[in-house]
Structure formats: C-alpha cells, structure tokens
Amino acid sequence: MQLSKDQETPPSSPRSPPPKLSTVACPSRKPRERTSSPFSEVLRRKRPPMLNRELFPQAPPWSREAVKTPPYEDVEAEKDGVYSVYCKRGRRRSMAMEDRHSAVAFFGVYDGHGGSNAAEFAAENLGNNIEAAVAAAARSGDEGYSIERAIREGYLKTDEEFLKEGSGGGACCVTALISNGELAVSNAGDCRAVISRAGVAEALTTDHSPNQENELKRIRASGGYVDCHHGVWRVQCTLAVSRAIGDEYLKKWVIAEPETRTLKIKPELEFLILASDGLWDNVTNQEAVDVVRPYCIGVENPKTLPACKKLAELSSRKGSLDDISVIIIQLKQFVA
C-alpha cells in the first residue's frame with residue numbers, strides 16, 4: 001500500500017470493472033488476483049452462528065503467546081508445527097518495517113501504512129477487544145449474540161481507541177479465530193486469508209480496494225471520490241485501500257468495518273494462510289497453496305516455518321519491495 005499527497009482531481013465514473021472506473025486508463029502496476037465478492041452466494045448466511053461463550057477459555061495454552069515484529073529485523077516463530085509466522089522486512093531499506101502480527105486465541109496479520117503505529121496498536125489490542133465483547137455478551141445473557149458481531153465490535157473498538165491516540169497512520173488487518181471446530185476469518189483492507197481445500201486454493205476474504213464496485217459506491221455516497229494516481233486507484237487520490245484501522249484524515253471513507261466468514265473445519269480443510277499484500281501482489285492463491293502443501297500434507301513432521309519463508313522468498317524473487325508477513329495454521333487438529 002502506498003500513500004501520496006492529497007490533491008484535487010475530478011471524481012471517477014461509478015462503473016465497476018477497474019479499467020472503466022474513469023476515462024483515464026489506470027492499469028494496476030502489479031496484477032492482483034481477484035478475490036471472492038462479499039455478495040457472492042457462497043458468503044451469504046441466513047443467520048449468524050451462535051456465539052460460543054467458552055471461546056477464549058478453551059484456547060490451548062500456546063495460543064496466549066504473542067510475538068511482536070522488531071522494526072528493523074526479520075522475525076520468525078513456530079509452535080510444534082501447528083502454526084508458524086515469518087515476517088520479512090521489505091527491500092525499501094529507508095523505512096522501518098510496518099507489518100505486525102499476533103498469534104493469540106486468534107491469529108492476525110497487520111499491515112501498516114504511514115508508519116507502524118496502527119499495526120502495533122492492532123496487534124496489541126484487537127484480540128483483547130474481541131475477548132471483551134465476548135465477555136460482555138456472556139454477562140448480558142444475549143442468546144442471539146454471534147461471533148461475527150463480537151469481531152465487528154472488536155475491530156471498531158480498536159479503531160476508535162487508536163484514533164484517540166492521535167498518532168496517525170493506518171493498518172490493514174486479516175484475522176482468524178478458531179473455536180469448537182469452527183473458523184471465523186475477518187479482514188479490513190487488502191491483507192488476505194487463503195485456505196487449502198484438499199489442495200485447491202480458496203480465498204476466504206475480499207480485498208478492500210477503492211475500485212471494487214460496492215466500495216466505490218459507498219465512498220461516493222459519503223461524498224468522497226476514487227481516482228487514479230501513479231497507476232493505482234486511490235481514495236481521495238491518496239490511499240490504495242478502502243478499509244483499515246486508523247487513517248483519521250480519511251475516516252469518513254476508509255472504514256474499519258470488517259467482513260467475516262465463518263465455516264466448519266472439515267477434514268478436507270488442510271491449512272490456512274494469512275498474509276499481507278506484500279505476498280499477494282506477486283503470488284497467486286493457488287501458487288501459495290502449491291508451495292506450502294508439500295511442507296504440511298503427507299509428511300510425518302509438518303514444517304510450516306520453512307513454508308512461510310519459501311512464500312516470502314518467492315514474492316521477493318518476483319520483485320516485491322514491500323514488507324511480507326505470513327502465518328500458516330495447520331487445521332487438522334481443530335476438526336470437530
């Protein structure tokens with residue numbers, strides 16, 4: 001994600017395919033793989049699943065560990081082959097690393113822009129705020145309270161608290177919460193979650209880009225505009241994502257509202273990849289699954305950390321200059 005100076009430009013046309021958003025040709029500098037639409041049939045739910053009140057107390061002991069990313073170093077972490085984390089600092093050496101991550105009762109990757117403050121804040125507080133929402137629902141006895149609602153409240157509370165800090169910048173987020181054989185994946189921005197379903201890659205999140213039809217309509221309805229700047233569609237000619245935590249000066253249009261998908265963990269669901277756009281700008285969903293699978297499936301001792309490193313190295317080899325953060329979570333032990 002890149003920032004540019006805000007400047008006056010005419011509003012874009014509301015038509016949906018990216019090349020038709022305005023009369024100015026603005027092809028993406030990097031071909032990004034299309035992710036699933038939030039309005040597609042597969043993501044529709046008649047009713048949200050009921051909230052499991054024992055969600056956090058049932059988390060395994062290792063899930064309480066959290067690892068912070070040093071600002072100028074690569075970082076790696078592994079837990080018994082269950083999950084691994086690898087964060088590779090981008091090759092723009094003039095800047096400190098802006099990605100952060102967490103591996104707690106839920107897992108998260110946080111991709112900062114305009115500095116690392118928002119990513120750091122989200123890594124430290126988002127999980128706690130979701131846990132607090134769960135606890136409040138348990139005390140109130142609200143039987144209709146869903147995990148999607150708890151996650152939403154956690155995201156919005158984290159955004160509200162960060163804005164009060166007045167420290168500037170923002171962060172895209174992708175998180176995964178596992179409980180009682182169910183997986184809830186959420187995102188705000190262009191960090192992405194991809195699952196391997198018997199070797200077939202499936203994106204569980206939608207990249208929140210300004211040229212996405214529903215995002216464009218929402219921004220324009222709020223009095224904002226989306227235009228092309230330096231080859232990228234941007235909100236107010238500034239930010240290349242339409243949802244994030246932080247970004248106070250664009251908050252009217254860049255919202256922190258997450259989208260969440262919940263699914264039952266079945267045997268064919270092999271592993272989950274959470275990563276920042278530093279990976280997905282250069283590596284397709286299926287390519288990522290194909291790289292990881294030999295390290296995790298059909299082997300006696302899964303090696304998720306080397307798989308994380310392999311993905312980061314592949315993206316760098318393909319030209320990525322961005323920070324790259326990857327978490328791989330084995331799902332077989334969570335099958336209900």
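Predicted model: local features only at pLDDT ≥ 70, side-chain atom pairs only at ≥ 80, totals over all residues.
**Overall make-up**

Let us start with the whole chain. The protein has 336 residues, and 56% of them are buried. Its secondary structure comprises 14 strands and 6 helices. If you look at contacts between residues at least 6 apart in sequence, 70% of them join residues at least 24 apart.

**The nonpolar cores**

The largest nonpolar core contains 35 residues. Within this core, the residues with the most contacts are Ile178, Leu183, Leu204, Leu272, Leu274, Ile329 and Leu331. Strand E5, which covers residues 170-179, is the element that gives the most to this core, contributing 4 residues. Another core, of 25 residues, lies apart from the largest one, and its members include Ala119, Phe121, Ile147 and Tyr155.

Which residues does Leu204 touch, once its neighbours within four places in sequence are left aside? Leu204 is in contact with Leu183, Val185, Ala193 and Ile195, and also with Arg261, Leu263 and Leu272. Two of these partners, Leu183 and Leu272, are also listed among the residues with the most contacts inside the largest core.

**A pair of helices**

Now find helix H5 (residues 285-296) and helix H6 (residues 304-317). They pack with their axes 8 Å apart, at an angle of about 155 degrees. An angle over 145 degrees counts as roughly antiparallel, and H5 and H6 are therefore roughly antiparallel to each other. Their crossing is right-handed. On the H5 side, the contact is made by Glu287, Ala288, Val291, Val292, Tyr295 and Cys296. On the H6 side, Thr304, Pro306, Ala307, Lys310, Leu311 and Leu314 take part.

**The cysteines**

How many disulfides does the model contain? The count is 0. A disulfide would need two cysteine sulfur atoms within 2.5 Å. The sulfur of Cys172 has its closest cysteine sulfur in Cys191, 5.5 Å away, so the two are too far apart for a bond. The table sets out the distances.

| Cysteine | Nearest cysteine sulfur | Distance |
|---|---|---|
| Cys172 | Cys191 | 5.5 Å |

Are Cys172 and Cys296 buried or exposed? Cys172 is buried, with a relative accessible area of 0%, and Cys296 also counts as buried, at 3% relative accessibility.

Terms used
Residues numbered from 1 in each chain as written. Heavy atoms only, no water. Core = buried A, V, L, I, M, F, W, Y, C linked by side-chain atoms within 4.5 Å. Buried < 20%, exposed > 50% of the residue type's maximum accessible area, 1.4 Å probe, protein only. Helix = DSSP H or I, 4+ residues; strand = E, 2+ residues; numbered from the N terminus. Contact = heavy atoms within 4.5 Å. Axes fitted to C-alpha atoms, helices over the stretch in contact; angles between N-to-C directions. Parallel < 35°, antiparallel > 145°, perpendicular 65-115°, else oblique. Left-handed = near helix turned anticlockwise from the far one by under 90°.
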